Amino acid sequence: MGIFSRLSDLLKSNINDLIDRAEDPEKMVKQIIIDMQAELTKATQNYGKAKASERLAEKKYLDAKKSSESWEAKAKAALSQGNQDLAKQALAKKVKADEDTANYKEMYDSISAQTEAIGSQVEVLKAKLDEAKSKQAMLIARSQMADTQKNLAKSAGGFDGQSAMEKFNRMEEKVQRKEAEAAAFTEIAGSNADSELNDSFDKLEADAKVDAELARLMAEMNGGADSSAE
């Protein structure tokens, strides 16, 4: 039966081989069990038909055997009455019944053997179906775990740690440049304030000198005017 070879592949193969041969191992496992269940149903139906044929063949065999025994008893009764002609007629019927008995016995034995073989196949299929069902959850879990590991491996393989660190370093350099620029502007701003303050003091000093010179000249001029008046 084709289902047995498929089941053998399922039960004996490694999960990685299963993944390689099927796009979706979970669906494959479920489908195989569905196929096995359908096959078991069909085999069970055939077994039922075979049992019915076996019972019919057995009945025909037993009926023919009983008929043979009945005609033999009648032949004996006829002989006991001294009626050989009637006994011969009964024995002729018995001979025919014996032939039927032999034929039906052969038919019954053949059907019985076939029925037993079908019954054995049904039992084997039941056992394999039970085994497949017990392993279904395990295979699906292993398949999902393999998918998870595969995806994680792909993610890890696609992550470039060196590139990421280079990006961080570039960002740090940008921040450092901004900090340096801010410090420079702060320093320049402070220098400008100091320069303006110094300029103010320089102007005051210069004004004081001018005022001093003005006072001196005025004093000299005033003094000169007093001397000429004397």
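Which helix holds both Glu131 and Lys135, and how many residues apart do they lie? In this predicted model, both residues belong to helix α4, where four residues, or about one turn of the helix, separate them. Their side chains meet in a salt bridge, with an N to O distance of 3.6 Å. Glu131 is partly exposed at a relative accessible area of 31%, and Lys135 is likewise partly exposed, at 26%. Elsewhere, salt bridges with shared partners tie Glu72, Lys76, Lys94 and Asp98 into one network.

Of the 230 residues, 19% are buried. The accessible surface comes to about 16,800 Å², and carbon and sulfur atoms contribute 55% of that area. Among contacts with a separation of 6 or more, 79% are between residues 24 or more positions apart.

Beyond its neighbours up to four places away in sequence, Lys94 touches Ser68, Trp71 and Glu72. With Glu72, Lys94 forms a salt bridge in which the closest N and O atoms are 3.9 Å apart. The pair links distant parts of the chain, since Glu72 sits in helix α3 (residues 25-80) and the two partners are 22 residues apart. Is Lys94 buried or exposed? Lys94 counts as buried because its relative accessibility is 17%, under the 20% cut-off. Glu72, at 32% relative accessibility, counts as partly exposed.

A second pair within helix α4 is formed by Asp109 and Lys105. Their salt bridge brings the closest N and O atoms to 2.8 Å. Because these two residues are four residues apart in helix α4, about one helical turn separates them. Asp109 is partly exposed at 36% relative accessibility, and Lys105 is also partly exposed, with a relative accessible area of 30%. Side chains of opposite charge can pair when their charged atoms come close. In total, the model contains ten salt bridges.

Lys167, Arg170, Lys174, Arg177 and Lys178 form a surface patch of positive charge. One of these residues, Lys174, is found in helix α5, which spans residues 161-229. Lys174 is partly exposed, with a relative accessible area of 43%.

Methods
Residues are numbered from 1 along each chain as its sequence is written. This is a predicted model: local features need pLDDT of at least 70, side-chain atom pairs count only at pLDDT 80 or more; totals for chains, interfaces and linings use all residues. Side-chain values use heavy atoms; hydrogens and water are left out. Contact means heavy atoms within 4.5 Å. Buried means under 20% relative accessible area, exposed over 50%, partly exposed in between (1.4 Å probe, protein chains only). Accessible areas come from the Shrake-Rupley method with a 1.4 Å probe; for residues, only the protein chains shown count as cover. Patches are made of residues with over 30% relative accessible area and no salt bridge: like charges are joined within 9 Å, nonpolar side chains (Val, Leu, Ile, Met, Phe, Trp, Tyr) within 5 Å. A salt bridge is a side-chain nitrogen of Lys or Arg within 4 Å of a carboxyl oxygen of Asp or Glu. Lys and Arg count as positive and Asp and Glu as negative; His and the chain ends are not counted. The place of a charge is taken as NZ of Lys, CZ of Arg, CG of Asp or CD of Glu.
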